[in-house]
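Subject: Structure for your files

Hello,

Please find the structure below. My notes on it follow.

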Amino acid sequence: MSLGTDMMQVDERVGGSLIPLPCSGATCLAFMLIRGGESMFLKRLRPELVGNAHYHHLFYKEYALGSQMDCPYLVHYRDFHDEPTDCYLVMEYVNGRLLKDVLADDEAWFDSYDNQLRFVRQFLEALDYLHSRQVVHLDLKSSNIMLTKVNNDVKILDLGYCYSDSFAHSMGHNARFAAPEQTDGSNDVDARTDIYALGRLLELLDGEGKRLHPALRKVMEKALQPAKVDRWQTAGDIRHFLDQELLHKRPRRFSLWLGAVACAILATLFLVVGMRHQANDGEVQQNRTFIDDRLCYRVLSEKEGTCEVTGPNLDRIGEPGFSNVGISSTATCQDRKYKVVGLTDSCFRDYSFVTTVHIDEGVRYLRESAFRGDTNLVSIALPESLDCLGSAAFTSCHRLSAIRLPSSLRTIPSCCFNNTGLQRIIIPEGVNRICRDAFCDSPELTEVLLPGTLRVIERGVFYLCPKLREITIPASVEMIGLYAFYECASLTDVYNLSPVPQRVVDVFDHPERITLHVPASSVELYRKAECWRDCQVVPL
């Protein structure tokens, strides 16, 4: 996009110069903001709408959610300004073309299968990212998607009409791309609603129904099913489908060449493998799993010498001390040592014989449901090197009463400690998000300490914690999801340190029972804010 400077105007309110852009809409004016030599995009509410609180709320929501996103295929948000006489957003300036303009002016671009597939893969990665953070875009259309000038990468714009737990009552849609649940009055939206919009976008790419890649045609047909249950359930499902389709069904023009190359490669591999078998029949390359003492492992990389734990050696159940699981940072197979970097999905799931676990420094991750359902697990020692916990890692560990979380964590994943015996939990500094239902249904939980780095408390995090008596919400928290403190029968005091009330809905099932302690200068703000105003608001 080439812009002249003849219309540039200095605007002291934004601390830079503004150049009007031709993409202004019915509610907003669009500008290039030049500040300190850097170009940014500024979206400003039209003057005639500045007095409308609804549009101020949409701008606030867009920034509150967008500023937390860090995905290369989503536009990055930089700043937000809101006052009675002016309201604007500042975000990265994307020099590129709107998808609708590409389709109108450069139709041949999507004649290429490679361009189609690249576009869809990047788009799906952005959806996966949004949905994993409990956000549904709801306004995906050809005028909200750009292709960058330098590399034709996807950039998805405009979260103003999206759904999230914290902003459940300001959704929107575009009739051309809307799923049935957006127009039938139910507003029963979820990830599959965005997948329907993907189907509509693929229709546009298809032109007159003649040019879409066969695998993408299948994606489109399933995405456009009227009933959500009949569509793709997640963006990840589509990515997996495309991986499988493209692995086994290459475009015909490449098939003979690829077949010849594949045969040559396989022949070479068989020759090498045969020679290695003759040289050393027991070499670990031919057996990617092994047992070392009481644990089973899978080799991840021969070159790097890494492996992960896949579970216990069940042949040794009943031996003295077998219930006390020790996971070392190294494992040995045929005199070769491997670094143990993690534990696989469900590796100790539903093993009632496990009572204690110690994991050495050096182990970096526990995958999904790693210890789920270990009903007799009493204690576990996690290393400081651990920076990734899988969802539901300790779900239904009823006797687990205490745990120390490593300071390397940044996220507490969904359902991680759901239905445990935890009594007290300290979330370490550095954690910025606690995901959906993380501590839900913890009947013994009485004390929680949240870090000053925390920004997001998702839906139902402390749902059904009947012994939790009080909670301090750090000033850094920007989002609190639906039902975060529902069914907390003993909760009477909430200390909210944020000077500005978070925009939340249905956080407490009985807000009238809550004494809300807030900064003295913010009492009146809380008394007027949705959800918070139903509590007994008092100064700290």
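Two strands count as paired if DSSP finds at least two bridges between them. Helices (H or I, at least four residues) and strands (E, at least two) are DSSP runs, numbered from the N terminus. This is a predicted model, in which local features need pLDDT of at least 70 and side-chain atom pairs count only at pLDDT 80 or more, while totals for chains, interfaces and linings use all residues. Residues are numbered from 1 along each chain as its sequence is written, and side-chain values use heavy atoms, with hydrogens and water left out.

Strands 27 and 29

Strand 27 (residues 470-473) runs parallel to strand 29 (residues 493-496), and 4 bridges join the two. Opposite Ile471 stands Val494 of strand 29. Buried means under 20% relative accessible area, exposed over 50%, and partly exposed in between (1.4 Å probe, protein chains only).

Strands in the order 7-9-10 form an open sheet of 3 strands with antiparallel pairing. Its edge strands, each pairing on one side only, are strand 7 (96-98) and strand 10 (154-156). On average, neighbouring strands of this sheet are turned by 30° against each other, direction ignored. Strand 9 (residues 145-148) is joined to strand 10 by 3 bridges, and Leu147 has Val154 in strand 10 as its bridge partner. Helix 3 (residues 113-132) packs on the sheet and touches strand 9 and strand 10; its direction makes about 35° with that of strand 10. Contact here means heavy atoms within 4.5 Å. Axes are lines fitted to C-alpha atoms, for helices over the stretch in contact, and angles run from 0 to 180 degrees between N-to-C directions.

Helices 5 and 6

Helix 5 (residues 191-205) and helix 6 (residues 214-223) have axes that come within 8 Å and cross at roughly 130°. Helix 5 is therefore oblique to helix 6 (under 35 degrees is roughly parallel, over 145 roughly antiparallel, 65 to 115 roughly perpendicular, the rest oblique). Helix 5 contributes Ile195, Tyr196, Leu198, Gly199, Leu202 and Glu203 to the contact, and helix 6 contributes Leu216, Val219, Met220 and Ala223.

The chain as a whole

The protein chain has 9 helices and 31 strands. Its C-alpha trace spans about 80 × 70 × 50 Å along the principal axes. Of the 540 residues in the protein chain, 49% are buried.

Regards
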